[in-house]
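Please open the structure in your viewer and keep the selection tool at hand.

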Amino acid sequence: MEYRITAPEYKRRTALVLNSMKEKGLDAFIFWNSTSVLYLTGFAFIPTERPVGLIVGKDGKKTIYVPRLEVEHAGGIPEINDVKHYDEYIGPKHPMVIFGEAMDGMGLSNATIGSDAAGYGSAWGYSGPRLAEVLPKAKIVVDSELVPTLRVIKSEEEIRLIRQSATWGNLAHALLQEYSLPGRTENEISMRASMEATMAMIKTLGSTYSPLGGSGASAGFRGQIGPNSALPHAITINAVLKPGDVLVTGAGASVAGYGSELERTMFVGEPDAEKRRFFDHMMALMEIAFEHMKPGLKCSDVDNACRAYYDKHNLWEYWRHHTGHCLGMLGHEAPFLDSGDHTVMKPGMVFSIEPGLYVPGLGGFRHSDTVVVTETGMDFITYYPRQLSDLICG
């Protein structure tokens with residue numbers, strides 16, 4: 001079995017884009033977003049200061065515009081029909097000016113063109129003219145949601161890749177737990193577990209495996225150790241594990257550009273009564289969320305049900321974030337299990353479920369499971385043990 005997106009799947013995605021273009025009367029669509037380019041072609045690249053854009057014509061032809069250093073890379077992608085390039089950013093002539101000239105050469109200077117942004121953008125030092133400035137005679141229609149909307153419902157291929165990610169994230173987490181002993185540092189534990197799981201993954205999947213820009217399997221703590229675990233988005237501090245620490249973990253793997261999310265609350269040694277109390281509250285919140293993961297319900301219904309539990313048990317001072325989010329090609333994707341997101345859940349949506357409690361001075365309490373919405377409810381993609389008795393280290 002090959003763990004990559006197939007040509008028929010790319011054809012399906014392209015057809016959906018073309019249908020949308022036809023409905024809106026567009027002659028072409030330009031994708032600057034690197035995730036959208038990957039979704040439609042399988043071309044993974046580093047979005048630096050150098051502009052990269054994918055032009056999809058109404059005939060379905062895909063032309064990629066890249067800097068010279070990406071020509072051979074892009075030219076090896078079967079889903080890309082033509083490669084146009086500029087030499088370098090900034091260059092004697094700005095790459096966006098050259099892009100406008102290339103569009104003119106394609107007969108699109110007076111066309112109605114869709115674009116997922118007003119122009120290229122990057123946090124890596126890029127600045128330059130907008131699309132309308134280099135194509136002054138064209139009608140530019142900005143639609144940033146075309147591909148993100150298509151990505152909400154995962155295909156069977158995508159779900160298979162996410163499940164494969166969960167398999168190797170599960171192994172990485174098992175190794176993480178095994179190596180989580182007092183006196184060891186978070187970095188040594190994480191690096192050892194991640195490396196061993198990645199090597200097993202590569203050996204097992206062989207030539208069928210491609211991370212598409214990822215780095216295999218991984219597991220770690222991201223600084224969420226001891227009292228610092230009460231910070232939901234802590235950063236790694238290479239903490240030393242001590243008896244009594246609460247640990248909040250994270251694990252996953254990159255498979256053909258797709259990932260999963262597995263998080264667990266673990267303990268270094270037997271937890272005291274107070275830690276058990278908050279762990280039990282967290283588990284109750286998880287069950288409430290699971291019960292509300294059904295097609296036809298709204299994302300807000302899930303979060304509101306969990307919020308009712310916070311109300312009932314007077315837990316609001318320990319609340320920090322919504323119940324969960326979609327994921328797939330990105331770690332966080334829309335829609336969100338949030339009281340303000342009224343998107344109706346449909347089969348094929350993949351979510352993290354991760355209501356948490358964060359107690360300053362004591363620790364954080366958060367599991368995260370990846371689940372897929374089915375015709376009748378939901379199905380677990382991650383499957384690591386969840387009960388407290390299975391999550392004691394040392």
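Select the buried residues of helix α9 in this predicted model: Lys 275, Phe 278, Phe 279, His 281, Met 282, Met 283, Leu 285, Met 286, Ile 288, Ala 289 and Phe 290. An α-helix has 3.6 residues a turn, so residues three or four places apart point the same way.

Now display the whole of α9, residues 273-291. The helix has 19 residues and reaches 27 Å from its first C-alpha to its last, close to the 27 Å expected. At its N-terminal end, select Asp 272, which caps α9. A side-chain oxygen of Asp 272 lies 3.2 Å from the backbone nitrogen of Glu 274.

Next, select Val 246, which is placed in strand β8, residues 246-248. Is Val 246 buried or exposed? Val 246 is buried, because its relative accessible area is 0%, and buried means under 20%. Beyond its neighbours within four places in sequence, Val 246 is in contact with residues including Ile 225, Phe 267, Leu 362 and Phe 365, as well as Lys 275, one of the buried residues of α9.

The largest core has 98 residues, and Phe 31, Phe 43, Phe 351 and Phe 365 have the most contacts inside it. Apart from this core lies another, of 19 residues, among them Trp 32, Tyr 89, Met 103 and Tyr 120.

Finally, select Phe 43. Not counting residues up to four places away in sequence, Phe 43 touches residues including Val 52, Ile 64, Glu 70, His 73 and Ile 80.

Technical notes
Residues numbered from 1 in each chain as written. Predicted model: local features only at pLDDT ≥ 70, side-chain atom pairs only at ≥ 80, totals over all residues. Heavy atoms only, no water. Helix = DSSP H or I, 4+ residues; strand = E, 2+ residues; numbered from the N terminus. Expected span 1.5 Å × (residues − 1). Buried < 20%, exposed > 50% of the residue type's maximum accessible area, 1.4 Å probe, protein only. Polar contact = N/O pair within 3.5 Å; in protein donor to acceptor, adjacent residues only side chain to side chain. Core = buried A, V, L, I, M, F, W, Y, C linked by side-chain atoms within 4.5 Å. Contact = heavy atoms within 4.5 Å.
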